[in-house]
Amino acid sequence: KPKTPLLLVSAAAYAVLPSPVSCKFILRSTAAAKMASPAGRNQKSRKSKSKHSLKELKALGQQLLSSRSHVNNLPLLLNFISPEFPPQYVLESLLSLQSFFTPLLPQLPPSSSKAHSAPSKGDDDAEVIYRTWLRSKFDHLVSSLIDIVISPQPDPTLREVVLDAIMEFVKAGNRGKFHSAIYHRLIHNIVYSSNPVDFIVELLVSKFFKYSDIRYFTYISLEKLTRTFEAKQSSDNKVENSSGGIEERNQSSERLELPIHKVHYLLAHMPTLDDHEENSNLEMWSDSGIPLKDESQTPKPTKTKDKELKSSKQTNVISTASIVKKMKVKFTNAWISFLRLPLPLDIYKEVLATLHQTVMPNLGNPLMLCDFLTRSYDIGGVVSVMSLSSLFILMTKHGLEYPDFYDKLYALLVPSVFMAKHRAKFFELLDSCLKSPLLPAYLAAAFTKRLSRLSLVVPPSGAMVIIALIHNLLRRHPSINCLVHRTSNNNSEAERDSVDNDDGSGTSRRLGVDHFDNEESNPVKSNALRSSLWEVDNLRHHYCPHVSRFVESLETDLTVRAKTTEMNIKDFSSGSYATIFAAEIRRRVKQVPLGFYKMTPTTLFSESDFGGWTFKCEEEASKQGDESSSPSKRQRTE
């Protein structure tokens, strides 16, 4: 064995090798070179950076492309594919290496590991060894390019050029077919990267997600990644059950939070399938496109040209339909596996907000979401409000049976829902859920009474929505009009209470008893049909004039449906103090009350307005007692 380091020989020198033993020795030496320490590699890269200039680097690339005799320039150029070097060196080396490997990729073996694991009879052939070595260098090049993509050091222009080079290798790296292994490594490193890769993700979305085959293999890669997340989560749960530590589970969930955000961003920004079903020609990135099972089947030859044209059109339609069908399968698998993960709260809300618009129409079977949606609906609060849209679609369009739906919907009617972010959509869905004429009278009365009780504590915009909802309920369900016309709730002598007057005279007055139980979560047991809408009558004296005027809409006879129309909840669901104030300003008033004062008032209220109350401190009251006793001061004219 020679004491000096053995250089890599070119393919032209393989012909003069004396025996196959020397060829095996070369492979062993290259394997030993791969196992060199990282410190040695950094020293070599620094030395090469100091020795070679940009012109010399360009000359090395030209020599590599000129003949095989300069193949030893390949590892030298590979050293410059690193984030440590300036962008000019990286770009010059990348141009030479890409031009070198692109025509050779169809001739290279699948991978070096597979070639060594399954040796053939011609393993000792010099050409096979040469191609295997080239394959290992190509894999090293791809790994270096991915490191540059996910590294925060290079400038955005260099990262964009490197990403384009990787995608070109994906197109031609698998003998003309889509190289899914390289693309999966790229997506895997982007998702698991601790560095900010928003720029690269946006490039993928804007430049490459318009191609159907790239979306197809992206769904496959994301499904594999989410399954690894599930495996890690289950392993962490086992460790927690054995050791009983909660900190380990919290750390594992924090580690998965950033990858889950990236996976959701990729899934959410993928173009929907509906846009491509109408187009017969799907745009592909690679020439082979999406692999189909029936590609080997050729159509039978026809006799005339017309029949040939018809058969070609039919095959195009069939292939397009089959591609869309396969993409729906991968789309469904990716989303279902993603929804099984422990999603952070912000991602949870974003998913629920767009699930019924972007995900459900493209699923093969939307009923697969029933478990996820029912769990979300049982959580309560804002999450239940946001899951109501998708759950309502499953019940009305896909035949989902959910017996506790109205009980959970009744429990969502709390004051906090009138300040929620998605309250507009919630009120529209609430009106849609209560639209069916087959709704029992006790259920319609319970919702009407619950809403009327909430009108006493909600803001004026919420009171406007409640009045519109009660208007629609009374119009749709004439059987609950007894709540409006019932004037007294005293049904027996036992339900009468006597209250002493303030003067202590002992005279008793009879008060009405409201049988409605607002604290009851079950609408059946709320006794709403025995109550009345006295809360709506109190709204006639509401401090907001917009509300007091709007209550008058309930005075019409709503039992005659031909004379009235339903109110559009969308017109009131987005109301606020600002919208009410703007509407009040735009309102044209004929008579305006005016107040005249002999003197300019210095206080908002005079002392005569509140008998027995003082608005001054004790010291000021003693000093200014004489001044305040004058009857001519701050008197308001009639």
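Student: How many salt bridges does the structure hold?
Tutor: The structure holds 17 salt bridges, a salt bridge being a side-chain nitrogen of Lys or Arg within 4 Å of a carboxyl oxygen of Asp or Glu. This is a predicted model, in which local features need pLDDT of at least 70 and side-chain atom pairs count only at pLDDT 80 or more, while totals for chains, interfaces and linings use all residues. Residues are numbered from 1 along each chain as its sequence is written, and side-chain values use heavy atoms, with hydrogens and water left out.

Student: Which residue forms a salt bridge with K207?
Tutor: The partner of K207 is D164, and their closest N and O atoms are 3.0 Å apart. This pair links distant parts of the chain, with K207 in helix α10 (residues 198–208) and D164 in helix α8 (residues 156–172), 43 residues apart. Helices here are DSSP runs (H or I, at least four residues), numbered from the N terminus, as are strands (E, at least two).

Student: Is K207 buried or partly exposed?
Tutor: K207 counts as partly exposed because its relative accessibility is 29%. D164, at 25%, also counts as partly exposed. Buried means under 20% relative accessible area, exposed over 50%, and partly exposed in between (1.4 Å probe, protein chains only).

Student: What about D431, which residue does it pair with in a salt bridge?
Tutor: D431 pairs with R476, the closest N and O atoms being 2.9 Å apart. The two are 45 residues apart and link distant parts of the chain, D431 lying in helix α19 (residues 423–433) and R476 in helix α21 (residues 460–476).

Student: Why is D431 called buried?
Tutor: D431 is buried because its relative accessible area is 9%. R476 counts as buried at 6% relative accessibility.

Student: And where R540 is concerned, which residue is its salt-bridge partner?
Tutor: R540 forms a salt bridge with D537, with 3.0 Å between the closest N and O atoms. R540 counts as partly exposed at 38% relative accessibility, and D537 counts as partly exposed at 41%.

Student: Changing topic, where is E535?
Tutor: E535 is in helix α23 (residues 534–538). Its relative accessibility is 0%, so E535 counts as buried. The side chain of E535 is joined to that of R453 by a polar contact of 2.9 Å. A polar contact is a pair of N or O atoms within 3.5 Å; within protein, one must be able to donate a hydrogen and the other to accept it, and residues adjacent in sequence count only if both atoms are side-chain atoms.

Student: What lies in the loop between α15 and α16?
Tutor: N362 is found in that loop, α16 being residues 370–379. N362 counts as buried at 1% relative accessibility, and a polar atom of its side chain lies 2.8 Å from the backbone oxygen of T358. P366 lies in the loop between α15 and α16 as well, and P366 is buried, with a relative accessible area of 9%. The C-alpha atoms of P366 and H398 are separated by 7.7 Å, although these residues are 32 residues apart along the chain.

Student: Lastly, where is F605, and how accessible is its surface?
Tutor: F605 is in the loop between α26 (577–586) and α27 (618–623). F605 is partly exposed, with a relative accessible area of 47%.
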